[in-house]
Amino acid sequence: MSSGLLLLRIAVGSIMAAHGAQKMFGWWGGPGMSGTAGMCSSLAYRSPFFMAWGLALAELGGGLSLATGFLTPLGSFGVTVVMLNAVYLIHWPKGFFNGNGGFEFNLLIAASAVALAAIGPGRFSIDHVIGWDDNISGVWWGVGVGAAAVVVSFLTLTAGRHRANVADAPA
């Protein structure tokens, strides 16, 4: 089981960290911080530069956290918040399937992150080496990460955005 968790952590974590590096540093054809702030502005966030930093840090830091198995629930939380926001703001109107720009990929990433919080990072992780893995994993950690991510995403999508454009967002 630990080998499977390692593979899942590295895959999900690396994908998210790469997306965060695109947003933060402009690597691999990414927009960098100015482009990410521009995207956040176009999505009607009140503080686009602050949101851009939060987005980039959640993806990069959350991805590295998952890949290494260090503070796994925290990384799971960051990744899940970003994915829930992406589903609502960008992918929901396009339907389920990723081929049409839908939300299936984002849902898979979010579900994987919450599952990793619940299951734990496994034997091949920094959390295990430190001796934390049994203390910061379990069903209630998964439920807590999922619930906290829903609450933070709701606040980000409502209080964190300009009112006029919030009404224009998909239902």
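This is a predicted model: local features need pLDDT of at least 70, side-chain atom pairs count only at pLDDT 80 or more; totals for chains, interfaces and linings use all residues.

**Entry 1: the whole chain**

I went through the elements and found eight helices and zero strands, so that from the N terminus on the order reads α-α-α-α-α-α-α-α. The radius of gyration is 16 Å, close to the 16 Å that the globule rule gives for 171 residues, and the protein is therefore as compact as a globular protein of that length. I also noted that the C-alpha trace spans about 50 × 30 × 30 Å along its principal axes.

Buried residues make up 46% of the 171 residues. When I looked at contacts between residues at least 6 apart in sequence, I found that 63% of them join residues at least 24 apart. The protein exposes about 8,600 Å², and carbon and sulfur atoms supply 72% of that area. For the charges, I wrote down that the mean positions of the 7 positive and 6 negative ones are 10 Å apart.

**Entry 2: the two sides of α2**

I then turned to helix α2, which covers residues 32–42, and listed G32, M33, T36, A37 and C40 as buried. These residues cover an arc of only 165 degrees around the axis, which means that they are on the same side of α2. On the other side of α2 I found S34 and S42, and both are exposed. What do the buried residues of α2 pack against? I traced them to α1, residues 2–25, and to α3, residues 48–68.

**Entry 3: positive phi in two loops**

Most residues other than glycine have a negative phi, so I wrote down the exceptions that I came across. W28 sits in the loop between α1 and α2, and its phi is near 55 degrees, a positive value in a residue other than glycine.

L71 is found in the loop between α3 and α4, and although L71 is not a glycine, it has a positive phi of about 55 degrees.

Is H91 buried or exposed? I located H91 in helix α4, residues 72–91, and at 17% relative accessibility it counts as buried, because the cut-off is under 20%. Leaving aside neighbours within four places in sequence, I found H91 in contact with A86, G101, G102, F103 and N106.

The other residue I looked up was D133, which lies in the loop between α6, residues 126–130, and α7, residues 139–158. Its relative accessibility is 11%, so D133 counts as buried although I found it in a loop. Not counting residues up to four places away in sequence, D133 touches P121, G122, D127 and H128. Finally, I took the separation between D133 and A21, which are 112 residues apart along the chain, and found 27 Å between their C-alpha atoms.

Terms used
Residues are numbered from 1 along each chain as its sequence is written. Side-chain values use heavy atoms; hydrogens and water are left out. Buried means under 20% relative accessible area, exposed over 50%, partly exposed in between (1.4 Å probe, protein chains only). Helices (H or I, at least four residues) and strands (E, at least two) are DSSP runs, numbered from the N terminus. The arc is that of the directions from the helix axis to the C-beta atoms. Contact means heavy atoms within 4.5 Å. The radius of gyration is taken over C-alpha atoms; the globule rule is 2.2 Å times the number of residues to the power 0.38. Accessible areas come from the Shrake-Rupley method with a 1.4 Å probe; for residues, only the protein chains shown count as cover. Lys and Arg count as positive and Asp and Glu as negative; His and the chain ends are not counted. The place of a charge is taken as NZ of Lys, CZ of Arg, CG of Asp or CD of Glu.
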